[in-house]
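Let's walk through this structure together, beginning at the ligand and then visiting a few spots along the backbone.

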Amino acid sequence: MCGIVGYVGDKPALDVVMAGLSRLEYRGYDSAGIAVRTAAGELTVVRRAGKLANLREALDGTPSETLDGTMGIGHTRWATHGAPTDRNAHPHVDCTGAIAVVHNGTLENFTELRDGLEHRGHALASETDTEAVAHLIEERYAGDLAAAVREVCGDLDGSFVLVVTHRDEPDVVVGARRNLPLVLGLGDGENFLASDVTAFIAHTRSARVVEQDQVVTLRRDGVTVTDLAGSPVDGATFYVDWDTAAAEKAGYEYFMLKEIDEQPAAVRETVGGRLGPDGRLTLDELAMSDEDIQGLTQVVVVGCGSTYHSGLVAKYAIERWARLPVQVEIASEFRYRDPVLDRHTLVVAISQSGETADTLEAVRHARRLRAWVLAVSNTVGSSIARESDAAFYTRGGPEVAVASTKAVMTQLAAVYLVGLHLAHVRGFRDDDEVRSHFGDLAATPAQIADVLGRMDPVRKLAREIASHERVMFLGRHVGYPMALEGALKLKELAYVSAEGLPAGEIKHGPIALIEKGTPVVVIAPRHALTAKIVTNVQEIRARGARTIVIATDGDDSLAPHADHLIRIPDIKSLLSPMLTLVPMQVLSAEFAMARGLDIDQPRNLAKSVTVE
Ligand code: G6P
């Protein structure tokens with residue numbers, strides 16, 4: 001959370017930084033701000049509470065000569081310390097106005113730092129922890145900004161990415177990181193620092209990850225990376241093959257709508273090239289020997305939010321195919337219950353961003369206990385991917401909307417692949433069975449596209465029910481995690497009370513919530529349990545529920561009990577989440593839009609949650 005951009009080059013910094021911030025706005029939109037060093041040698045800071053649009057408006061009203069430099073930094077904020085006001089917006093400056101700092105993270109010793117600064121005569125103008133850093137650099141500065149930043153990093157407890165400029169050091173931007181992501185973009189006569197690569201891929205595809213406790217000096221003609229002691233450190237550059245168009249709306253009103261439509265292509269990328277001619281899945285990313293896989297005694301899956309729901313589906317797939325016990329745990333709870341892990345445990349950490357603090361801490365804990373940790377992530381070079389023993393990249397392309405859609409879809413495809421691979425190596429599925437299941441998985445992109453083509457009635461229905469303040473989602477077996485996901489989507493986008501429940505559980509309490517007309521989405525693809533769902537649907541309908549049933553083509557058992565029937569193509573029940581997910585994404589997006597809400601940036605949320 002919080003997006004950061006730094007730029008030094010020959011283009012107008014204002015344009016480059018603002019374009020970068022617009023890519024990073026998903027990381028927080030409580031306020032935004034920039035600092036530009038002008039050609040006349042002044043440091044101009046402009047910042048505003050609210051979304052980036054407010055900052056744009058303020059910049060429009062700012063004299064252009066005060067913004068005309070080619071070096072700048074910018075920030076989009078998800079508030080932690082201090083309310084989302086103009087005063088607390090970044091960049092923050094020191095007493096002299098010469099130093100500007102943007103920060104992502106939280107400083108645990110900030111009270112102590114602020115008290116010390118105030119005692120030493122500094123006047124702090126905001127309630128943030130960040131401002132303390134500007135004043136600390138002011139105290140340490142003796143003509144070398146990078147040296148001052150290195151020293152100050154030693155005083156900070158907690159997590160941070162800092163990007164700093166000094167009025168008297170033209171063409172220098174300094175960055176530092178601990179625990180949170182910072183990536184260098186290496187251009188020709190220009191260089192970039194950003195929270196993620198989407199901020200600069202319009203300018204360069206060459207990138208390098210800034211590692212833990214490193215400090216970067218960014219200049220027009222090169223970069224220097226050092227450790228906190230000032231010794232230069234090497235690092236590998238990587239090439240970003242994401243298409244810039246993938247980070248654009250491409251004519252869609254919202255990124256979320258585009259990302260929903262991109263799902264067939266995204267799954268094709270995840271699944272493509274995985275099956276060798278010998279019928280063996282190519283899953284080298286797991287980096288485990290066959291012997292180690294055969295010696296596994298359990299699998300633990302960790303994740304947060306939507307990703308946790310992908311993890312729940314993994315449990316059904318891995319237990320069914322690979323006959324291994326699987327626990328699924330919300331990452332923020334995982335390490336606090338003292339889990340029993342050892343070197344015969346595979347921990348699968350799922351994270352679209354690869355930066356979620358709770359999941360990262362779970363990874364670290366699991367590794368301390370000697371479990372083998374596999375990251376399933378969409379973000380190459382992310383912290384979770386790098387800190388795990390192995391990384392499986394979902395290759396879904398950039399996901400910008402805060403509510404996850406195509407990332408969840410590709411995570412599902414990924415965990416099915418992992419389950420099949422484990423099953424094969426452990427001898428529970430032979431070549432033919434693996435080939436057949438893989439064939440089913442490889443057929444899903446066309447089936448997802450088919451479901452997408454059937455969504456007009458779902459949009460209409462969403463608009464009809466958009467005035468309801470409560471919606472329930474029911475499912476059984478793998479339909480249950482999807483019920484949780486459907487409810488989460490509606491909660492985060494439309495701010496209504498939405499509950500996802502196992503359909504069999506509703507009679508034990510939640511049925512009391514049903515009133516005349518309460519919309520209830522029932523996920524009921526063809527499955528051995530369909531007959532039981534028919535009974536559950538009758539129970540709720542008898543109490544007045546408006547039943548919206550997702551059912552398989554040709555299965556008419558639920559039709560008499562459905563007020564609205566949404567059909568999906570026939571698919572093996574274990575893989576059905578990849579199809580049942582789609583109508584719920586469309587329903588929640590349309591429901592929220594009918595309420596006039598911004599579905600890309602729901603209130604209070606951020607896409608990448610880098611605080612515990
Ligand atoms: C945030 C987002 C969710 C996401 C979760 C986990 O809460 O709003 O959409 O599912 O983080 O994110 P990750 O990047 O770890 O998958």
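This is a predicted model: local features need pLDDT of at least 70, side-chain atom pairs count only at pLDDT 80 or more; totals for chains, interfaces and linings use all residues.

Residues are numbered from 1 along each chain as its sequence is written, and side-chain values use heavy atoms, with hydrogens and water left out.

Have a look at the ligand first. Around the ligand there are 13 residues, and the closest are Thr307, Ser351, Gln352, Ser353 and Thr356; a residue belongs to these surroundings if one of its heavy atoms lies within 4 Å of the ligand. This shell divides into 4 nonpolar, 8 polar and 1 charged. Here Ala, Val, Leu, Ile, Met, Phe, Trp, Tyr, Cys and Pro count as nonpolar, Asp, Glu, Lys and Arg as charged, and the others, Gly among them, as polar.

Now zoom in on the oxygen atoms of the ligand. One oxygen atom is 2.4 Å from an N or O atom in the side chain of Thr356, and for the side chain of Ser351 the corresponding distance to a ligand oxygen is 2.6 Å. On its own the ligand has 390 Å² of accessible area, and the protein covers 90% of that (Shrake-Rupley method, 1.4 Å probe).

Next, on to strand β15, which spans residues 298–303 and includes Gly303 (strands are DSSP runs of E with at least two residues, helices runs of H or I with at least four, numbered from the N terminus). Gly303 is buried because its relative accessible area is 1%; buried means under 20%, exposed over 50%, and partly exposed in between, with a 1.4 Å probe and protein chains only.

The loops hold some backbone geometry to check. Most residues other than glycine have a negative phi, and most peptide bonds are trans. A cis peptide bond, with omega about 0°, joins His90 and Pro91, and Pro91 lies in the loop between β4 (71–77) and β5 (92–93).

Asp171, in the loop between β7 (158–166) and β8 (173–178), has a positive phi near 65°. With a relative accessible area of 27%, Asp171 is partly exposed. Arg370 also has a positive phi, near 70°, and is found in the loop between α11 (357–368) and β18 (372–377). Its relative accessibility is 57%, so Arg370 counts as exposed.

Methods
A polar contact is a pair of N or O atoms within 3.5 Å; within protein, one must be able to donate a hydrogen and the other to accept it, and residues adjacent in sequence count only if both atoms are side-chain atoms.
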